Amino acid sequence: MAKIIDRLLLFIFSLAVLVATCLMLAAASNWISQDTSQDFVRTIYTETNPAIAFIACCLILIAIAVRLFYISVRSSREQSPSIDQRNEWGEIRISIDTVENLALKSASRTRGVKDLRARVRVGSAGIEVMIRSMVDGEISIPALTEEMQAAVKQHIEEITGIPVASVSVFIANVVQTSPTFKSRVE
């Protein structure tokens, strides 16, 4: 929500700067006469309602400018989600993306799988891995999924040292591979 508001503020500020720049350019090019400019300034100095409206617009633009300046100079505290571990030498942080890539790498070694996708969540008992895949229609799905689950669990635990609580496999579709015919040479 904050990002949407910041984008709206940036749009309003950019539009105000564009209008002000065009007006200054028109005044500098004598498209707006000096008398008209002086009348505008005199109206702001002498009449209360236009002065209040002008001051309010200026204060809003200053507030937007301060907000945008703050956004540009603050340090970004947002970090990619990670799994944090501590040992006697210090802290270890492994990103969720890294664990997802490890799951994809080990699952892709299973014969007969295609179009793999992986999601990783950190649960109370350890990492929970969800794999979505399409499989070849010629291979037993229960055997294939058990092999994939065991391979993913073993590979992630071996590489990261983090316990894997569960590996869920969702078979999205069965893909029929086209038969390949070998040509005979006589």
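Biologist: In which sense do strand β1 and strand β2 pair?

Modeller: Strands are DSSP runs of E with at least two residues, numbered from the N terminus, and two strands pair if DSSP finds at least two bridges between them. β1 covers residues 82–87 and β2 residues 90–95, with six bridges. Their sense is antiparallel.

Biologist: What is this model, and which residue in β2 is the bridge partner of N87?

Modeller: It is a predicted model, where local features need pLDDT of at least 70, side-chain atom pairs count only at pLDDT 80 or more, and totals for chains, interfaces and linings use all residues. Residues are numbered from 1 along each chain as its sequence is written, and side-chain values use heavy atoms, without hydrogens and water. A hairpin through two residues joins β1 to β2. The partner of N87 is G90.

Biologist: How many disulfides are there?

Modeller: A disulfide is a pair of cysteine sulfur atoms within 2.5 Å. The count by this rule is zero.

Biologist: Which cysteine sulfur is nearest to that of C22, and how far away?

Modeller: C22 is in no disulfide. The nearest sulfur belongs to C57, at 17 Å.

Biologist: Is L15 buried, partly exposed or exposed?

Modeller: Buried means under 20% relative accessible area, exposed over 50%, and partly exposed in between (1.4 Å probe, protein chains only). L15 lies in helix α1, residues 2–28. At a relative accessible area of 42%, L15 is partly exposed.

How values were computed: Helix = DSSP H or I, 4+ residues; strand = E, 2+ residues; numbered from the N terminus.
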